[in-house]
Amino acid sequence: MKFDTPAGSNPIDRLHVVGKPTDRIEGPLKTTGTAHYAFERHDVAPNAAYGWIVGAGIAKGRIASMDLEAARAAPGVIAIVTAQDAGALDKGERNTARLLGGPEIQHYHQAIAVVVAQTLEQARAAAQLVRVDYARDAGRFDLAAEKENAQPPEDDGSNPPQSKLGDFAGAFARAPVQLDATYATPDQSHMMMEPHATVAAWEGDKLTVWTSTQMVDWHVTDLAKTLRMPKDKVRVVSPYIGGGFGGKLFLRADALLAALGARAAGQPVKVALQRPLMPNNTTHRPATLQRIRIGATEDGNITAIAHESWSGDLPGGEPETAVSQTRLLYAAPNRLTAMRLAVLDLPEGNSMRAPGEAPGMMALEIAMDEMAEKLGLDPVEFRARNDTQVDPEKPQRPFSQRQLVQCLRTGAERFGWNKRNATPAQVRDGRWLVGLGMAAAFRNNLQHKSAARVRLDARGTVTVETDMTDIGTGSYTIIALTAAETMGVPLSQVDVRLGDSDFPVSCGSGGQFGHNATAGVYAACMKLREAVLETLGMSVQDAVFADGMVRSGDRSLPLSQAARAHQLVAEDGIEYGDLDKKYQQSTFGAHFVEVAVDAHTAEVRVRRMLAVCAAGRILNPKAARSQVIGAMTMGVGAALMEELAVDTRHGFFVNHDLAGYEVPVHADIPHQEVIFLDEVDPVASPLKAKGIAELGICGVAAAVANAIYNATGVRVREYPVTLDKLLEGMPAVE
């Protein structure tokens, strides 16, 4: 199905099942422990051995020698695989560093061996016996120290290293009110519940991996490339994922080393990346340094805005695109954005929930708050005053939908923003200083082609097959709702099968583009409808699919009758035209936060939170709310506690486990409320829906930081906002 004109009226608009708060259909499987996660696939590999990964003990250099004798002689050991005996390996297109290092070491904890044994305990014990001597090289581990050496990254066509409009320097110099401030965000780590894990099995020259990946087809492609084998010889199965957040978008060491270990052992092998290896071995959100300059008239109209960002990555890596939202969020005739990329020998930086906008808005939305204070304007009013309904860089291109101001106004009213005291450190509740803060939310809507296969059997059951995955976002339910609405059957008559590379290739689950999978399912269902009508001899023009029946003219037949002779199968996908060139497609929101700060200790407590979101049609409000409150919680972590501590001498993240890397727990999270504005976006997809999973994190950290400033009068520009950064400037205790 080619989607190149805005969607008109279609079967989804009936909203018989779509748009209703619906429990997840896979929920009982997850809560009873019967959903199949990668490491738990005992059914597919009952005779599996276990692999334990050995990570490099240096960040940069070479392996001088590796003594495996004691490990090979350890009880239960079946095989040990290193780069020396793994055979010729390539590197996946989406990997920056090689997944199996040696003799060259590119980053700390880069996998250098996998020990395969009969039990997990035996593999772990034997891995401790591997002795490695290194020749260590000097490395670059400090972004601030390398800032002056940073260079413009390569232009990938979507995020230019620099964008300019008008005369920023001149307009900024002339502006009567100016802000010039620098902000810092730290390296942050994925800490999903399920570790990266894989079961690998060979059958002749064909490899099957049961793994935890957000992008099944990417996994197939890069695993085949790395192993230098045909893509059609690799099968990837990933029906359930225990969290990904972008950390499982790309092929990682667990899958490659499980495959290599299984080949060496001659039997299936399970590998789960041990938790202490994850921050240094996989990907993380890179740290940024961001300079923001805003010039405005005295009545609060922005005349000049500039956002420059510095981040680092391994050679060949990519920048954190922290300036992307600034190109689109606020109006200003004179504009400048720029990114610089430093070469660092830290582990690979890459996507983490809302890459670009999440850290970018941590800086931009504090800057907007600071500028509002300089102007003597309410922060909500300042943002609303600088709204735009067109792409600021391309005024001829309007936004398909943009309800930012409605989000701001609705949130302010619901949250009681009018009760906020604009003068900091004035509101007390016993020992607590109380403050309110807010920030805008923004995340682009991304369109990707996505396909599915749909079957109709004689019982009237509709079965959907697509390699789309479920990372906890509710994909099974959303896809089932789409098929049920389109085919006119109850939800109970839809069976959804996901996460298998034998199924048609979907968009995958990441980047807030998972909504494209529903569009692909819709396309396949519309094709199945055509087959049904042809079989039943009914007209396409006036056909209605509802309540398990097909009606056309004065005829009405059960849907199941079309498959009485044989099962009907249809396969199709969504392919997008140039609507994204004609319209800017984005999602918008507003976050409001109340905090209390202990006047004696500077301990911060978040008391209540509100998010107002405009993101097209909300297909399942219950699942959407879950996604937003999860993102809000993640934003609290980014604001107050999350930071990978870099050892700038030896080049590794010190707090590389759940014991040392702090994330919010239940006690940290207060009352959370989510409001979805009534919106449909016919430019986005046939379902008129957009992604929402990442919008909920964008701006949250800044809203928390702004609330802390309102409570204390202490402005912190370096995240996370910890006690040591507040104590010195706290108001005197009476």
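1. A word on handedness to start: a crossing is left-handed if the near helix is turned anticlockwise from the far one by less than a right angle, and right-handed if clockwise. By that rule, H9 and H16 make a right-handed crossing. The residues touching are Met361, Met362, Glu365, Ile366, Asp369 and Glu373 on the H9 side, with Ala701, Ala702, Ala705, Asn706 and Tyr709 on the H16 side; contact here means heavy atoms within 4.5 Å. Sorted by class, that makes seven nonpolar, one polar and three charged residues. The classes go like this: Ala, Val, Leu, Ile, Met, Phe, Trp, Tyr, Cys and Pro are nonpolar, Asp, Glu, Lys and Arg are charged, and the others, Gly among them, are polar.

2. Before going further, some housekeeping. This is a predicted model, in which local features need pLDDT of at least 70 and side-chain atom pairs count only at pLDDT 80 or more, while totals for chains, interfaces and linings use all residues. Residues are numbered from 1 along each chain as its sequence is written, and side-chain values use heavy atoms, with hydrogens and water left out. Helices (H or I, at least four residues) and strands (E, at least two) are DSSP runs, numbered from the N terminus.

3. Back to H9 and H16 for the geometry. Two packed helices are described by the angle between their axes and the distance between the axes. For H9 (residues 357-375) and H16 (residues 700-712), the axes come within 8 Å and cross at roughly 35°. The axes are lines fitted to C-alpha atoms, for helices over the stretch in contact, with angles running from 0 to 180 degrees between N-to-C directions.

4. H16 also packs on H15 (residues 621-640), at an angle of about 55° and with the axes 7 Å apart. The two are therefore oblique to each other; angles under 35 degrees count as roughly parallel, over 145 as roughly antiparallel, 65 to 115 as roughly perpendicular and the rest as oblique. H15 passes H16 in a right-handed crossing. From H15, Met632, Gly635, Val636, Ala638, Ala639 and Leu640 meet Val700, Ala701, Val704 and Ile708 of H16. That contact has nine nonpolar, one polar and no charged residues. Ala701 is worth a look on screen, being listed in the contact with H9 and in the one with H15.

5. Next pair: H12 (residues 475-487) and H13 (residues 515-536), whose axes come within 9 Å and cross at roughly 30°. These helices are therefore roughly parallel to each other, and the crossing is right-handed. On H12 the residues involved are Ile478, Ile479, Thr482, Ala483, Thr486 and Met487, and they meet Thr518, Val521, Tyr522, Cys525, Met526, Leu528, Arg529 and Val532 of H13. By class, this contact has ten nonpolar, three polar and one charged residues.

6. Cys525 counts as buried at 0% relative accessibility; buried means under 20% relative accessible area, exposed over 50%, and partly exposed in between (1.4 Å probe, protein chains only). For Cys698, the closest cysteine sulfur is in Cys613 at 10 Å, too far for a bond. Cys698 is buried too, with a relative accessible area of 0%.

7. Most residues other than glycine have a negative phi, and most peptide bonds are trans. The bond from Gly102 to Pro103 is cis, with omega near -5°, and Pro103 sits in the loop between S4 (77-82) and S5 (104-105). The bond from Tyr719 to Pro720 is also cis, with omega near -10°; Pro720 is in the loop between H16 and H17 (723-726).

8. Which residues other than glycine show a positive phi? Ala425 does, near 60°, in the loop between H11 (404-415) and S21 (428-429). Gln512 does as well, with phi near 60°, in the loop between S25 (494-498) and H13. Ala425 is partly exposed, at 24% relative accessible area, whereas Gln512 is buried at 5%.

9. Last, Ala35, in the loop between H1 (27-31) and S2 (49-55). Ala35 is buried, with a relative accessible area of 5%. Leaving out residues up to four places away in sequence, Ala35 touches Leu29, Lys30, Glu40 and Tyr240.

Definitions and conventions:
A disulfide is a pair of cysteine sulfur atoms within 2.5 Å.
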